[in-house]
Amino acid sequence: MTELPRNLSDFTNVAGFPPVGPSVPERTVGERRKYRTIWISDVHLGTKGCNAELLIDFLDHTDSETMYLVGDIIDGWRLKKKFYWPPEHNDIVWRILKRAKRGTRIVYIPGNHDEMVRPFSGMDFGGVEIRRAAFHDTADGRRLMVLHGDEFDTIMLAHRWLAFVGDALYHMMMKLNGWVASVRKLFGLPYWSISKAAKHKVKNAVEFISKYEEVVARVAGERGVDGVVCGHIHTAEIRDFEHEGRQIAYYNDGDWVEGCNALVEHFDGTMELLHWPEEVAAREARLAAKNLAAA
């Protein structure tokens, strides 16, 4: 297998990533939550919509034997238009590479927004395996197909120009989402995504998501696997579909722009969706109650 250089310092400049420590130090949180597998996707590094603070918190509080990066980790579409790369985005890359160095298997499956990485499929970079798609065997003996999912988006396939228009409108919504989040934080309110709420209220969006899930599950069934893990549509979900008398599990690991979700596999093969803003809120509530009891 072709190997890319193992250290960022071997490159003169790789998307501005410096071979230095993070600006936000890695937290010492006692014992991290340990999972067999973690899937995350649609981080969109290089955009203001990326919830870097929440993702850094997630990476500092969890660990796993394997981590899948299921596409759109870097937003090449936006970076081509305007370069935006704050220190926190370096911190995320630093943490992922450190996981690989600690022995976590990292598999990176590029999506449509980071399609510039797809030509490197089959290579390893800094301990990160780059793959066009992957298959994952769960602890309870099921075989899952893992891919980003833009392959099943009819807009991406038939009307690429419309996808770019939609992307521009989406980022306008993300700016509004950022303003709302800032105001809520100012008043001590938890994170809430206006774009996510709007998506679930719009009939056409709901119908598109439902149809997308059915198509992806059907293709997984046709390929003889027990389930599929994907991202792309920024809608975290666990559903079962039937295909020719077999149950096909559909898993979408969500995103780190709107929902801030991760899909995890426990050591017995049980799958769970984590909504990290809720996890943070629960942790802060426990800490407040503990401080109150100690007062």
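1. Basis. The structure is a predicted model, in which local features need pLDDT of at least 70, side-chain atom pairs count only at pLDDT 80 or more, and totals for chains, interfaces and linings use all residues. Residues are numbered from 1 along each chain as its sequence is written, and side-chain values use heavy atoms, with hydrogens and water left out.

2. Overall composition. The chain contains eight helices and twelve strands, taken as DSSP runs numbered from the N terminus (helices H or I, at least four residues; strands E, at least two). Of its 295 residues, 47% are buried; buried means under 20% relative accessible area, exposed over 50%, and partly exposed in between (1.4 Å probe, protein chains only). Among contacts (heavy atoms within 4.5 Å) between residues at least 6 apart in sequence, 69% join residues at least 24 apart.

3. Helix α8. The end C-alpha atoms of α8 (residues 276-294) are 27 Å apart, in agreement with the 27 Å that its 19 residues should span at 1.5 Å a residue; the expected span is 1.5 Å times one less than the number of residues. Its buried residues are W276, P277 and V280. The face turned away from the buried side carries the exposed residues E278, R286, K290, L292 and A293.

4. Strand β10. Five of the seven residues of β10 (residues 246-252) are buried. Strand β8 (residues 227-230) runs parallel to β10, joined by four bridges, whereas β9 (residues 237-243) pairs with β10 in the antiparallel sense over seven bridges; pairing requires at least two DSSP bridges between two strands. In the hairpin of β9 and β10, which has two residues between the strands, E244 takes a positive phi near 50 degrees.

5. Salt bridges. The whole structure holds 20 salt bridges, each a side-chain nitrogen of Lys or Arg within 4 Å of a carboxyl oxygen of Asp or Glu. One of them joins D57 and R283 (2.6 Å, N to O). This pair links helix α1 to helix α8, 226 residues apart. D57 is buried, at 9% relative accessible area, whereas R283 is partly exposed, at 25%.
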